[in-house]
Amino acid sequence: MNVRTLCLAILGCGDSTGYEIRKLVSDGHFSHFGDASFGSIYPALNRMEAEELVISREEQQEGKPNRKVFSITQSGREAFLEALGQPAQKDIFKSEFLLLAMCADLMRPSDVRRAIDMQIDYLKSELEIIETAVREVKYQGADWVGDYGRTCLTTSLKYINENREKLEAIAGTALEPNSPLLAAE
């Protein structure tokens, strides 16, 4: 999803600053839909303001610089709906954990166990994010998306828990018997 559509989706839920949008995209309710950096969010917001898709206002803060708060306009809502009508791009799934798992035979068993434990913790934290997002995002499809995310994550957790011994058994099998990596075990 492009940055413009992502910003409009967030602003459709309520007014936000560029910083708040970045937080929602990086580790918040919208983190599973696309990526956007500060370097892409602010130019997109400025372009959309010039196109009258959003408006902004300055809010004073005590002891801090003023903050610029953006709101979606009716034209912005129409542009958002038009963007939603476009075909979705294919899902992108990347996992450093899966690279580690693929190369487990080259790793120390303790490193494989730690990677598995960290992946389990990560998946559990993602489940918590979904629970919060479903409660706070105003779009009616949020429940459906939450169920989809929960299903994907719980299936991953179940697979890892049921099959971790297989991966742990592979750990270190490609290492030389006298390898310093095995000696550290």
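1. Start with helix α4 (residues 74–84), whose buried residues are Gly-76, Ala-79 and Phe-80. They span an arc of only 100° around the axis, so they sit on the same side of α4. Buried here means under 20% relative accessible area, exposed means over 50%, and partly exposed is in between (1.4 Å probe, protein chains only). The arc is taken from the directions that run from the helix axis to the C-beta atoms. Helices (H or I, at least four residues) and strands (E, at least two) are DSSP runs, numbered from the N terminus.

2. A word on the model before going on. It is predicted: local features need pLDDT of at least 70 and side-chain atom pairs count only at pLDDT 80 or more, while totals for chains, interfaces and linings use all residues. Residues are numbered from 1 along each chain as its sequence is written, and side-chain values use heavy atoms, with hydrogens and water left out.

3. What do the buried residues of α4 pack against? Their partners are α1 and β3 (64–72), with contact meaning heavy atoms within 4.5 Å. On the face turned away from that buried side you'll find the exposed residues Gln-74, Leu-81 and Glu-82.

4. Now the α1 side. The axes of α1 (residues 3–13) and α4 come within 10 Å and cross at roughly 125°. That makes α1 oblique to α4; angles under 35 degrees count as roughly parallel, over 145 as roughly antiparallel, 65 to 115 as roughly perpendicular and the rest as oblique. Axes are lines fitted to C-alpha atoms, for helices over the stretch in contact, and angles run from 0 to 180 degrees between N-to-C directions.

5. Who touches whom? From α1, Arg-4, Thr-5, Leu-8, Ala-9 and Gly-12 meet Gly-76, Arg-77, Ala-79, Phe-80 and Ala-83 of α4.

6. Another helix pair is α2 (residues 18–27) with α3 (residues 38–50), packed at an angle of about 130° with axes 10 Å apart. These two are therefore oblique to each other. Gly-18, Tyr-19, Ile-21 and Arg-22 in α2 meet Phe-38, Ile-41, Tyr-42 and Leu-45 in α3.

7. Last, have a look at Ala-174, in the loop between α7 (142–170) and α8 (180–183). With 40% relative accessibility, Ala-174 counts as partly exposed. Leaving aside neighbours within four places in sequence, Ala-174 is in contact with Asp-105 and Leu-106. The C-alpha atoms of Ala-174 and Met-107 are separated by 8.3 Å, and the two residues are 67 residues apart along the chain.
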